[in-house]
Amino acid sequence: MTFEIGAALNLPNGTPIGVGGVIDMFSTAVAEFEFPEGVVPVSDPPEFFCPDSDADGVCDVDDNCVDVPNPRLGTREEPEALPFQTSTGGQLDDDGDGFGNACDAKFGNAGQVVGGVDIADLLASFNKDRSGDDCGTAGDENCAQFDLDNAGQFIGGSDVLLSFQLFNSEPGPKCDDCPLDCEGPRCP
Ligand SMILES: [Ca+2]
Ligand SMILES: [Ca+2]
Ligand SMILES: [Ca+2]
């Protein structure tokens, strides 16, 4: 296989290929390439590598939850986007505030950190369909924002567990340049 040194290598969905894969391809390409006499290949990897702290396939500079795995929509077995979903940078962010659902259990209530009122909102949403608008303690909030684990049709136990883990912490961290491009009904 041949490729142009310095060109960005992306999967069909636009996700940059991880470091290991690129090293393998680079090493193979170097091994198969016959360099002219006097030309020595550099040992450092090309500069298009990007750090991906949580290994979810989204580079840190684009990740709306840098430390929590939350792959882009379309990477699980359902359509790339559903009408009730809101995403920033292609990752779920159902209140459209730039922090991905997976690291955001702050549901519009007062204060900077996740508190008892936020947990109560999620508990009141337990077992409700994530496409609905009948969640929270008032029964009138969008349910998708409580889908913290980006899995399943209903708000469930793992969403509750994640909210407990986020208790007393601020949303995030997210990438420095977030919020990324927003798509969906909850965009600001
Ligand atoms: Ca990532
Ligand atoms: Ca992430
Ligand atoms: Ca959010």
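These questions and answers cover the fold, the packing and the backbone of a predicted model. Residues are numbered from 1 along each chain as written, chains are lettered from A and ligands numbered from 1 in written order. Local features need pLDDT of at least 70 and side-chain atom pairs count only at pLDDT 80 or more, while totals for chains, interfaces and linings use all residues.

Me: Which pattern does the protein follow along the sequence?
Reply: Helices (H or I, at least four residues) and strands (E, at least two) are DSSP runs, numbered from the N terminus. The protein has 3 helices and 3 strands. Read along the sequence, the pattern is α-β-β-α-α-β.

Me: In which order do the 3 strands form the open sheet?
Reply: Two strands pair if DSSP finds at least two bridges between them. E1 (residues 87-88) and E2 pair over 2 bridges in the antiparallel sense, and Ser87 stands opposite Leu92 in E2. The edge strands, each pairing on one side only, are E2 (91-92) and E3 (182-183). The order is E2-E1-E3.

Me: What percentage of the 188 residues count as buried?
Reply: A residue is buried if 20 or more other C-beta atoms lie within 10 Å of its own, exposed if 12 or fewer, and partly exposed in between; C-beta atoms are placed from the backbone. Of the 188 residues, the buried share is 32%.

Me: Which residues of the largest nonpolar core touch the most other members?
Reply: A nonpolar core is a set of buried Ala, Val, Leu, Ile, Met, Phe, Trp, Tyr and Cys residues joined through C-beta atoms within 7 Å. The largest one holds 18 residues. Those touching the most other members are Cys65, Ala102, Cys103, Ala105, Cys143 and Phe146.

Me: Is Asp147 buried or exposed?
Reply: Asp147 lies in the loop between H2 (116-123) and H3 (157-165). Two residues are in contact if their C-beta atoms, placed from the backbone, lie within 7 Å. Leaving aside neighbours within four places in sequence, the contacts of Asp147 include Leu92, Arg130 and Asp159. With 26 other C-beta atoms within 10 Å, Asp147 is buried.

Me: Why do the buried residues of H2 lie on the same side?
Reply: The buried residues are Asp118, Asp121 and Leu122. The arc is that of the directions from the helix axis to the C-beta atoms. They share a side of H2 because they cover an arc of only 95°.

Me: Are H2 and H3 roughly parallel or antiparallel?
Reply: Axes are lines fitted to C-alpha atoms, for helices over the stretch in contact, and angles run from 0 to 180 degrees between N-to-C directions. Angles under 35 degrees count as roughly parallel, over 145 as roughly antiparallel, 65 to 115 as roughly perpendicular and the rest as oblique. The axes of H2 and H3 come within 10 Å and cross at roughly 175°. The two helices are therefore roughly antiparallel.

Me: Which residues does a cis peptide bond join?
Reply: Pro173 lies in the loop between H3 and E3. Omega at the cis bond is about 0°. The bond joins Gly172 and Pro173.

Me: Is Asn168 buried or exposed?
Reply: Asn168 lies in the loop between H3 and E3. Asn168 has a positive phi of about 70°, although it is not a glycine. With 8 C-beta neighbours inside 10 Å, Asn168 is exposed.
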